[in-house]
Every structure is written in C-alpha cells, then in structure tokens.
Amino acid sequence: MNDREMSDYSVVRAIKAAMSGNWKDAGLEREISSELARQSGKETNGFFMPLNLRAPYAVGAAGTGGNLVATNLLAGSFIDVLRNNALIMQMGPTLLTGLVGNVAIPRQASATATYWVSEASAITEAEATFDQVTLSPHQVGARSQYSRLALQQTTPDIEAVVRNDLARQLALAIDLAAINGSGTAGQPTGILNTSGIGTYAMGTNGAALIDSVSGSTSGLDPLIRLEKAVDTANALNGSLAYLTNAKVVAALKQLKTAYGEYLWTAADGQTVAGTPGAINGYNVMRSNQVPSNLTKGSGSNLSALLFGNFNDLIIGMWGALEILPNPYGSGYTAGSVDIRAMQTVDMAVRHAASFAAITDIIA
C-alpha cells in the first residue's frame, strides 16, 4: 500500500460493508482484502486487513467508543488508555511473512570433529549433526462490541480508535508471547521459556542489584554474567541489547562507580542519558511486557532481564490480520455489532545460546 492508500483505508467502512454485503463504498478495502486472500490462499466471511497500516500513536480505544459522537465532544483530544510498549519488533527479529503451511528450518546442531593423526594412521570418521527449528500456526484474537450508532455516526477520530485498538492490542499480545509465551494453552514459546538459554541466579529468594540493607552492591556483575553466557557460546553478535521492565531500569540507573559516577549512559545516537539508554556498552530497552510478578523460593514480584541477539528470534506470520464483524452476536438485541480480530503467528529461537536471562531481580 502506498501512502495515499493507507490514508484512505477505513476499517469502519470495511466493517459496514462486511455486515451489509454491499462493498460499493468500500472498493479499496475489498480490493486489498481480495489480494491478501489470494496471497494466503484463504477465504473469510469478513475481510483481511493489512499489517502495515500506519496510525498515530496519540489516538487509541475506549471501552465502548459511544461517547465519541457527542455534539460537543473534543474528539481530537481523545485520551488513550495507558498501554505497555511493544518493543520486540523494534529489536531486530527475523520476520517470516506470508506463510501457508508449517515451517521447518534446517539447522546444523554440531560441527564435524577434526583429529590430528600420525603418519599412515587413519582419520576417525565423524559427521556434523542437524536438527530443525519449527514453526506452526498459533492464533491470537480480540473480540469487542461496537454500538450500531457508533459505527453509523462515525468521525475520522473513531476510525483511528477502532483501527488502533484492534491492531495495537494484538501487537501487544504477540510481543508478550515473544518474551514470555508459555508454550501451552495455545501460546507460542517465548524467549524466557525457551529451553537452553543462558541463566544467572541472583539468590535463593531473588536479590536486588543494589542491596539497600547491607549497603553492598552487586553492580554490573549479573549483567556481565549474562554477556559471558552468550559470549562463551560464540553468539555475541548481531542485534545485541538488554530488555527489561521499568522497575529494573530504575535500579540500573542507580548503579554507580566507586567514585560516585552513574554507570547508566546515553544510548547510541542520543545526546543525553535517558530511556532507552545504555549500560555496560549495550542499549537497554524498557517495556513492562517483561514480567515483574515472578516468584522464587519465598521471593515474590521478582523481575526479569534479558540479554541477547534479537536477530535470532524468528517470528512467523500466516496471512493477514483478519477482521470479522458479526451483527448477530451477543449484542444483537441491542443493535450492537461483535467485532473479532485474529492473527496467526508463531515464534522460535534460532539458537537458544544467543540469549541469557535473569528472572529473580528484586526491584
């Protein structure tokens, strides 16, 4: 889609057309949906919505949207709900789009062994070993109700509300799964739950980066241990960064040298220290998608910190974001319309050793 098509595209128009079956006033939306259906080889009773729509971050979704049509409503000053930051897509993962079937990516698991041999001695036979990194469809969805009048009395602002709410909430769900997906109950497996990533334990019940009780500090030692785990596995390359939550960032910003100088510095390309910032030479990305409610021993509300090469996170997507309006849903008697949005994704780590994590930080 070019810039003009992105500007002209209307989710609300597509919803109305899908409900009525009359696409006369939604030609662009129907053309785009048809092309996405052709690319994916799938059909839907709703419509397919492109993933790359750009919408302003200053506008978002309210619980119902009904108040947006009031006569004196300052729609341009709409107050969005406070949301977590979805950062995974900004950290350089490998994206596979337009998938149809299951995916198996061959991977060399070990190298061929070499041997020194004496004159006239035979070389021991040895072969490399191979396995596969697999991706299979996992579905994530959101379902909301919009009143009939909210759709009929639409303004340019409610169009952005509908679009942002559906797309951003699914983006957050995908982002969270990439970080901490359980691999069960339909979820993909995220980095923190990937078997074989490096780990470092702060303490039996967790521990703080700065011990305010004894006055001693662990400083950068835990972070250096994460870097060591990745480096000793020959994986210290690519899109290297830390990823953690606001609590741990606050703790990192308090770390000082023996001379009282803060260890937190400006990130690449910045002129002042801030967030994202850098510590120990690597950028620190902050998102409250990183869990802060972990437990260990008697410790609770513990936080996680990730380090690694985010190029080695593979995210696969099947088809496009599908929007399906249903005028006969649970709100039928009130004239409300159920809206369902679904996206099919999976994620996997190319090399588990490319990541290391701490999951017991008191912050």
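**Close-up views of ring pairs and a buried aspartate**

**View 1. Y242, Y282 and F307 are joined into a cluster by ring pairs.** Rings of Phe, Tyr and Trp (its six-membered ring) pair if their centres lie within 6.5 Å; planes under 30 degrees apart are stacked, over 60 edge-to-face, and the rest tilted. This is a predicted model: local features need pLDDT of at least 70, side-chain atom pairs pLDDT 80 or more, while totals for chains, interfaces and linings use all residues. Residues are numbered from 1 along each chain as its sequence is written, and side-chain values use heavy atoms, without hydrogens and water.

**View 2. W23 and F47 form one of five aromatic pairs.** The pair is edge-to-face, with 6.5 Å centre to centre and 75° between the planes. W23 sits in the loop between α2 (11-20) and α3 (27-40). F47 belongs to strand β1 (residues 47-49), 24 residues apart from W23. Both residues are buried (under 20% relative accessible area, 1.4 Å probe, protein chains only).

**View 3. F310 and F355 make an edge-to-face pair.** Their ring centres are 5.3 Å apart, and their planes meet at 80°. F310 lies in the loop between β13 and β14, and F355 in strand β16 (residues 355-362), so the pair ties together parts 45 residues apart in sequence. F310 and F355 are buried.

**View 4. D312 is in the loop between β13 (299-309) and β14 (313-326).** D312 counts as buried because its relative accessibility is 8%. Leaving aside neighbours within four places in sequence, its contacts (heavy atoms within 4.5 Å) include R350, H351 and F355.

Definitions and conventions: Helices (H or I, at least four residues) and strands (E, at least two) are DSSP runs, numbered from the N terminus. Buried means under 20% relative accessible area, exposed over 50%, partly exposed in between (1.4 Å probe, protein chains only).
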